[in-house]
Amino acid sequence: MKKPFHPIIGIIGGGQLGKMLIESGMPWNLQYNVIDPDPAASCKFYANTFINAGLKDGEAIKELAKISDVITYEIEHVNTEVLLELESQGKTIIPSPSILRIIQDKGLQKQFYKDNNLPTAEYRLVEKKEDWESVLNLFEGEKIVAKLCKGGYDGKGVSICNKKNIEAGIIPFDEPCIIEEFISGCREIAILVASNGKETVTWPSIEMDFDPKLNLVDLLFSPGNLDSDTEQKASKIAVEAIKALNGKGVFAVELFITPQGEVLINEIAPRPHNSGHHTIEASITSQYEQLNRILLNLPLGNTDLVMPAAMVNIIGPDNITGDYKLEGLEKAMQIPGFYLHLYKKNETRPGRKMGHYSVLASTVDEAIKKALEIKETLKITSI
Ligand SMILES: Nc1ncnc2c1ncn2[C@@H]1O[C@H](COP(=O)(O)OP(=O)(O)OP(=O)(O)O)[C@@H](O)[C@H]1O
Ligand SMILES: [Mg+2]
C-alpha cells in the first residue's frame with residue numbers, strides 16, 4: 001500500500017469515542033490503528049490494524065507505536081508507564097502521558113487543582129475503610145461523596161453516601177479514595193477545551209442532566225443555561241486548568257455551578273468526551289475533528305455553535321443483556337434536526353452506552369423539548 005501523506009494515528013481504546021474520531025477523519029482519508037481488549041470493539045472494522053489486546057498491555061502498545069506516527073487514547077485507563085517510555089524515546093503522544101498520570105488518579109488530580117489554585121470541592125484522601133470516620137466531620141451536611149482514586153468511569157467508582165450509614169459501618173470502598181464535600185443543589189456543566197500548544201479554544205458550555213440512579217449523563221444541551229458572567233468564568237477556569245496542565249489535545253472540564261454561583265472543577269477528561277457528542281452536527285468544528293487537527297499539527301477550527309443542540313445517550317435498559325434492537329425510529333426520523341449515532345456494540349447490557357442522538361433546533365429549549373419527545377419512544381428492546 002502507498003504510504004498516506006497524513007500521519008497514521010494510533011488510538012488506545014476502540015470504543016465509541018474512537019469510532020467517532022475515525023469517522024471524523026474519513027473525509028480526509030486519515031488512517032488509524034486501534035488497540036482494544038474487546039474483539040468486537042466499536043472501532044474494529046474502522047481500523048487499518050486492530051490489535052486485540054488489553055489497554056495496559058505494554059507490548060501491544062509498543063506494537064501500536066511501531067505502526068503509527070502519532071498516538072492518542074480515548075480512555076484514561078491505559079498503561080501510562082509504557083507511554084511515558086515511548087514519549088521519552090521521541091514518540092508523539094497527545095495528550096502527553098504526564099497529564100494522564102495526574103488524571104488517572106483522582107487524588108493526584110485534586111492535589112493538582114489545589115497546587116494551581118483552581119477551585120474545586122474540599123476533599124481528603126483515605127487509604128482504607130478504617131480511615132473514613134476520622135474525616136467525616138470535616139465536611140458539612142449529611143452527605144459526602146467518595147470516589148475511588150483509580151479505575152472509576154461512568155459513575156462507577158463514585159458513591160454518594162450518608163454520613164449516618166458510614167458511621168453505621170456501611171462503607172462502599174476499601175481502597176484508596178477521595179472523600180469529597182457533597183455540593184448540594186449544584187448544576188453540572190462541561191467546557192470543552194482544545195489546544196495545539198500555540199492556541200487554546202473553548203466551545204460554548206454544555207449543561208448536563210443526570211440519571212441519579214445510573215449516575216450517568218441523561219440529557220445534555222448546549223449552550224448551557226448560564227448567565228454570561230458565569231459562562232465566562234467557567235470558560236476562564238477551564239482554560240486555566242488546561243494551561244496549568246500544559247495540555248495539548250482535546251479536554252473536557254467538568255464543572256459544578258453551586259447555588260451561590262461559584263464554579264468548581266469536578267474533573268478533567270483528557271480526550272473527547274460524552275458531553276461533546278453534539279459538536280459533530282451542532283458546531284463548526286466538532287471535538288473529534290479538532291483532535292484530528294491537533295494530531296496532524298494543523299490549525300484549530302472554529303468552535304462556534306451552528307445551532308443550539310440537545311443530546312441524549314441511548315442506554316441499555318436494566319432488564320436486557322445480549323441481542324437487542326432499537327425501537328421507535330419512525331417517529332424520531334420525522335423530527336427535523338434529529339441525528340442518530342449507534343456504536344456498533346454487539347450486545348446490550350444494563351447501563352451500557354449503545355448510542356446517542358442529537359437534536360438541533362433554533363432555540364435550546366426547542367432542542368430539549370424535541371429530544372425529550374424522542375426519548376419517550378426511542379428505546380433499546382430485546383429481539
Ligand atoms: N462533590 C460532589 N457533589 C455532588 N455531586 C457529585 C460530586 N461529585 C460527583 N458528583 C456526582 O457524581 C457524578 C459522577 O462523578 P464523577 O464525574 O466525578 O465520576 P466519573 O465516574 O468520573 O463519571 P463520568 O465518567 O461519568 O464523568 C457527577 O457527574 C455528579 O453528578
Ligand atoms: Mg464525571
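Visitor: How many helices and strands does the chain have?

Guide: The secondary structure comprises 12 helices and 20 strands. Please note that this is a predicted model.

Visitor: And is the chain compact or extended?

Guide: The chain is as compact as a globular protein of its length, because its radius of gyration is 21 Å, close to the 21 Å that the globule rule gives for 383 residues. Along the principal axes, the C-alpha atoms fill a box of roughly 65 × 55 × 45 Å.

Visitor: Which domains does the chain have?

Guide: The domain assignment gives domain 1 (9–93), domain 2 (122–181) and domain 3 (187–381).

Visitor: What separates the centres of domain 1 and domain 3?

Guide: Taken over C-alpha atoms, the two centres are separated by 22 Å. The contact between these domains takes 16 residues from domain 1 and 15 residues from domain 3.

Visitor: On the domain 1 side, which elements take part?

Guide: H1 and strand E4 (70–73) are the elements that give two or more residues to the side touching domain 3. H1 gives the most, with 7 residues.

Visitor: What classes of residue make up that side?

Guide: The side of domain 1 that touches domain 3 has 8 nonpolar, 5 polar and 3 charged residues.

Visitor: Back to H1, then. At what angle does H1 pack against H10?

Guide: Helix H1 (residues 16–25) and helix H10 (residues 287–295) pack at about 70°, and their axes are 8 Å apart. That angle makes H1 roughly perpendicular to H10.

Visitor: Which residues make the contact?

Guide: From H1 they are Met20, Leu21, Ser24 and Gly25, and from H10 they are Tyr288, Glu289, Leu291 and Asn292. By class, this contact has 4 nonpolar, 3 polar and 1 charged residues.

Visitor: A new topic: where does ligand 1 lie?

Guide: Ligand 1 lies between domain 2 (122–181) and domain 3 (187–381), because both give residues to the shell around it.

Visitor: Which residues come nearest to ligand 1?

Guide: Of the 20 residues around ligand 1, the nearest are Val145, Gly152, Val158, Glu180 and Ile183.

Visitor: Which strands supply the shell?

Guide: Strand E7 (143–148), strand E9 (177–181) and strand E15 (263–269) each supply at least two of its residues.

Key:
Residues are numbered from 1 along each chain as its sequence is written. Chains are lettered from A and ligands numbered from 1 in the order in which they are written. This is a predicted model: local features need pLDDT of at least 70, side-chain atom pairs count only at pLDDT 80 or more; totals for chains, interfaces and linings use all residues. A residue is near a molecule or strand if its C-beta atom, placed from the backbone, lies within 6 Å of it. Helices (H or I, at least four residues) and strands (E, at least two) are DSSP runs, numbered from the N terminus. Domain bounds come from an automatic or database domain assignment. Axes are lines fitted to C-alpha atoms, for helices over the stretch in contact, and angles run from 0 to 180 degrees between N-to-C directions. Angles under 35 degrees count as roughly parallel, over 145 as roughly antiparallel, 65 to 115 as roughly perpendicular and the rest as oblique. Two residues are in contact if their C-beta atoms, placed from the backbone, lie within 7 Å. Ala, Val, Leu, Ile, Met, Phe, Trp, Tyr, Cys and Pro count as nonpolar, Asp, Glu, Lys and Arg as charged, and the others, Gly among them, as polar. The radius of gyration is taken over C-alpha atoms; the globule rule is 2.2 Å times the number of residues to the power 0.38.
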